[in-house]
Amino acid sequence: MRRSIEDLRIFYGEPAGALARRLLARRLEDAWGEAANSDVLGLGYATPWLDAFVGARRVVAAMPGGQGVELWPPVGKNRTLLVDDRRLPFAAGSFDRILLVHALEEADDAPALMAEAVRALSPAGRIILVAAARGGLWARAETTPFGHGRPFTRGQLERLVRAAGLEPTAWSQTLYVPPWGPLLPLADGFEQIGKRIMPGAAGVILLEATRQAYARIRPGGAVATAPVMTPALQPQPANRSHREKLGEKLVGGDLAGTRERP
């Protein structure tokens with residue numbers, strides 16, 4: 001059973017939620033920047049981060065049944081809708097960027113959800129999965145949304161995206177600070193220390209993926225991958241030597257990705 005929209009809204013209004021929002025926003029800024037000239041879909045509960053994509057042509061928030069839906073943005077035309085996450089109401093190839101947050105952990109059928117997300121992804125599109133880390137303390141804290149449903153390891157996320165016809169290209173972790181109120185002000189210090197000496201303590205994993213080389217969408221929406229002559233891409237560690245630096249230089253463990261150039 002998914003957390004209700006009211007539970008999620010309350011959590012992100014509290015100190016722990018505000019911290020999670022800030023730290024995840026850093027990683028997404030590193031990866032996609034303002035998502036210039038892109039069509040962006042947030043799936044699950046992604047609205048706390050969608051406002052940052054000010055360069056996007058279009059931003060839509062799709063919230064699964066069982067969770068509920070909220071009005072977003074607070075002013076202006078509503079851009080949210082309630083969906084069946086196993087049958088998204090979008091044409092194939094509709095979005096250049098798809099962000100999944102609080103989507104996989106409580107999904108009834110995670111592979112089916114991924115298949116639908118891939119169907120909606122454009123041929124050159126990029127997708128980021130944000131999921132509770134199996135080894136982190138946040139997955140054990142039922143007072144947070146990360147403490148409900150199924151947490152993931154990096155390997156499990158990689159297998160999930162590959163089964164859907166994508167190839168992992170970058171990954172990162174965050175939320176090293178334990179989800180205890182007195183320690184939250186020390187979060188930045190935990191981030192610096194944790195990624196170096198306690199990588200398994202991160203609360204959240206972010207994995208970015210793209211279509212496999214020469215992948216094509218069948219008319220029915222399924223992904224078929226044509227044979228390629230070069231080895232499959234491997235997840236790239238984030239460090240200062242990544243071949244396509246972001247606007248803000250990354251440090252070891254940060255999500256390695258490239259911004260879309262205008």
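This is a predicted model: local features need pLDDT of at least 70, side-chain atom pairs count only at pLDDT 80 or more; totals for chains, interfaces and linings use all residues.
A residue is called exposed when its relative accessible area is over 50%, buried when that area is under 20%, and partly exposed in between.

**Helix α6**

Begin by selecting helix α6, residues 187-197. Which of its residues are buried? They are Ala 187, Glu 191, Gly 194 and Lys 195. Viewed down the helix axis, these buried residues fall within an arc of 90 degrees and therefore line one face of α6.

**From α6 to α2**

Now select Arg 22 and Asp 188, whose side chains meet in a salt bridge with an N to O distance of 3.3 Å. Arg 22 belongs to helix α2 (residues 15-32) and Asp 188 to α6, so this pair ties together parts that lie 166 residues apart in sequence. Arg 22 is partly exposed, with a relative accessible area of 35%; Asp 188 is likewise partly exposed, at 35%.

**Other salt bridges**

How many salt bridges does the structure hold? There are 16.

Proceed to helix α4 (residues 110-120) and select Arg 119 with Glu 116. Their side chains form a salt bridge at 3.0 Å, N to O. The two residues are 3 apart within α4, a separation of about one helical turn. An α-helix has 3.6 residues a turn, so residues three or four places apart point the same way. Both Arg 119 and Glu 116 are buried.

Select next Arg 162 and Glu 167, a salt bridge in which the closest N and O atoms are 3.0 Å apart. Is Arg 162 buried or partly exposed? With a relative accessibility of 30%, Arg 162 counts as partly exposed, whereas Glu 167, at 4%, counts as buried.

Then display Asp 39, Arg 57, Arg 58 and Asp 96 together; salt bridges with shared partners join these residues into one network.

**The second largest pocket**

Finish at the second largest pocket, which has a volume of about 180 Å³. To outline this pocket, select its lining: Arg 9, Tyr 12, Gly 13, Arg 21, Tyr 45, Thr 47, Pro 48, Asp 51, Glu 70, Leu 71, Trp 72 and Pro 74.

Note on methods:
Residues are numbered from 1 along each chain as its sequence is written. Side-chain values use heavy atoms; hydrogens and water are left out. On a 1 Å grid over the protein atoms alone, a cavity is a set of points where a 1.4 Å probe fits but cannot get out, and a pocket is an open set with protein on both sides within 12 Å along at least five of seven lines; lining residues have an atom within 4 Å of a point. Grid points are joined across faces, edges and corners, and a volume is the space filled by probe spheres set on the points. A salt bridge is a side-chain nitrogen of Lys or Arg within 4 Å of a carboxyl oxygen of Asp or Glu. Helices (H or I, at least four residues) and strands (E, at least two) are DSSP runs, numbered from the N terminus. Buried means under 20% relative accessible area, exposed over 50%, partly exposed in between (1.4 Å probe, protein chains only). The arc is that of the directions from the helix axis to the C-beta atoms.
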